[in-house]
Amino acid sequence: MRFEKFSFGSIRIDGTTYEHDVVIDRGDVRKRKKKPSKEFRGDFGHTPLSIKERIPWRCTRLVIGTGTGALPVMDQVKREAKRRKIKLLILPTKEAIKELMQRLDDTNAILHVTC
């Protein structure tokens, strides 16, 4: 998997540009569907990552890119990762991409591309 470009509002992975948040699940890239988390927006001022989303748990390491740091990750997600014995890395997206470029084996990711 090649991360070719990241800028505010878009990311290019393996020659395809995505203008939305992405989920990387065992090498497949798909759009993050954040609608299940919208109900928590009022509590955070931003739609957080919640346990209600389709999180790619089939891994030993989950990297969450928070954009510039604005994407809140709910405590339920952190607890579930711990329960599943998954190493959770929560980093600004730019740093998350660097981490993914160093090691992608048995790693999934959720990358927020704005704010």
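Predicted model: local features only at pLDDT ≥ 70, side-chain atom pairs only at ≥ 80, totals over all residues.
Local features need pLDDT of at least 70, side-chain atom pairs count only at pLDDT 80 or more, and totals for chains, interfaces and linings use all residues. Residues are numbered from 1 along each chain as its sequence is written, and side-chain values use heavy atoms, with hydrogens and water left out.

The whole structure holds eleven salt bridges (a side-chain nitrogen of Lys or Arg within 4 Å of a carboxyl oxygen of Asp or Glu). Three of them, among the eleven, are listed here.

| Salt bridge | Closest N to O distance |
|---|---|
| Arg32 and Glu53 | 2.8 Å |
| Arg84 and Glu80 | 2.7 Å |

Asp21 sits in the loop between β3 (16-18) and β4 (22-25), and Arg32 in the loop between β5 (28-31) and α1 (41-44), so the pair ties together parts eleven residues apart in sequence. Strands are DSSP runs of E, at least two residues; helices are runs of H or I, at least four; both are numbered from the N terminus.

Arg32 also pairs with Glu53. Glu53 lies in the loop between α1 and β6 (61-66), 21 residues from Arg32. Arg32 is buried at 4% relative accessible area, and Glu53 is buried at 7%. Asp21 is buried too. Buried means under 20% relative accessible area, exposed over 50%, partly exposed in between (1.4 Å probe, protein chains only).

Arg84 bonds with Glu80 in a salt bridge. Arg84 is partly exposed at 39%, whereas Glu80 is buried at 16%. Shared partners join Asp21, Arg32 and Glu53 into one salt-bridge network.
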